[in-house]
Amino acid sequence: MKKILLSALMLLTLAGSVFAQADLQPLVVVKLNKNESITVKQVKNRSVIFEKQYNIKTTLEDRKKIVDTLVEEKLMLQAAAKAGVTVPDSGVDQYFIQYMTSQLGQNFTSEKEIADYVKKVSGTSLDEALVQQIGMNSTEYKAYLKNQLIIQQYVVQQKQAEMQKVAATDEEIRMFYESNKASFVMNDTMKAFLMLVPKGANADAAKNKANDLRNKFVDKKLTIEQLVVQANAQDSGYQAGELMLAKTEQVANAYGFSYQGLLSLFEKADGFVTDVQETPVDFRIVAVEKKYPAKMLSISDSVQPESTVTVYQYINQNLSYQKQMQYLQTAAQEMANQINTSVNVEWKKTGDELNKLLNWSN
């Protein structure tokens, strides 16, 4: 019996080894600048991401397209490296924070804040949440983002003159406004001055600082301008700035207010200053400066009070940006096609052999 069990164990180990070897087999070698292989394992990893994002099971044809995509990415990354295009990790970190801010509808200034928030609302780590949603942990996702940003910057570098000519036309802007006129509404809006003192490691000291700042502001010993300047100084220990707050639950969540708390601020007279308020992470003071009633916006109106940007300019900026992004995608594909030659790309597996390696079971 022992011999039978031992033999079965050896067979299982051998089978696992065979699968591992198959996963490491190079399907294609990209060699524009250097030799880089694309393996079955890389295709499987990208397939998982694809399935997570689109909630489908990949077919053989999907996987072939994934191989093509990986080839194009490596070609463009090698071309970018040849052109000296790089993206610092700090830039990738900032982009990641912006992405998570947009996805979660909260204002974050660090990855730790994101991780703490995700833990609080979902009970899972940030990495666990990302793997569940997109099939990558934070390190893997930032590596993916970095590659995409490098490719984007490379295309911008090569096509800058052409891209600058891409812009929305007057007709497109006015047609967009007419088609979406009902959505151009300014909610009840309040101009407010906000001071935040993070609790850090000493909550009592933070509370004392917040009270001191409030007293100096209320007693007119420090103006808004002076408080903002001091907040920007190194090691000031607090943050301060003026905000335009729309009367919406989304805005309340973004700035860490309760919706009821935001509504109560709209009931206060101009010039009202709150007492020091405590949140789980900071102490804060809000001063109501001025309120503006809701209104429908014409195409020549400012998008928000005291802004110099009109609805026309806002639409122009957004439509032009969309057209530029579309142009970049098209340009990136054309550039990849130009360098996707037999000199730069060597297919190690083709036809039935390639199909067999890609036709794994989900």
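Which backbone nitrogen lies 3.0 Å from a polar atom of the side chain of Ser320?

1. The backbone nitrogen is that of Ala168. Keep in mind that this is a predicted model, where local features need pLDDT of at least 70 and side-chain atom pairs pLDDT 80 or more, while totals for chains, interfaces and linings use all residues. Residues are numbered from 1 along each chain as its sequence is written, and side-chain values use heavy atoms, with hydrogens and water left out.

2. Ser320 sits in helix 13, residues 311-339 (helices are DSSP runs of H or I, at least four residues, and strands are E runs of at least two, numbered from the N terminus). Ser320 counts as buried because its relative accessibility is 10% (buried is under 20%, exposed over 50%, partly exposed in between, with a 1.4 Å probe and protein chains only). Its side chain also reaches the backbone oxygen of Asn316, at 2.8 Å.

3. Over in helix 12 (residues 259-266), Leu262, Leu265 and Phe266 are buried. Down the axis of helix 12, the buried residues fall within an arc of 105°, so they line one face (the arc is taken from the directions from the helix axis to the C-beta atoms).

4. Strand 4 (189-198) is among the elements those residues pack against (contact means heavy atoms within 4.5 Å). Nine of the ten residues in strand 4 are buried.

5. Strand 4 runs antiparallel to strand 5, with eight bridges joining them, and pairs with strand 7 in the antiparallel sense over ten bridges (pairing takes at least two DSSP bridges). Ala192 stands opposite Val288 in strand 7.

Key. Polar contact = N/O pair within 3.5 Å; in protein donor to acceptor, adjacent residues only side chain to side chain.
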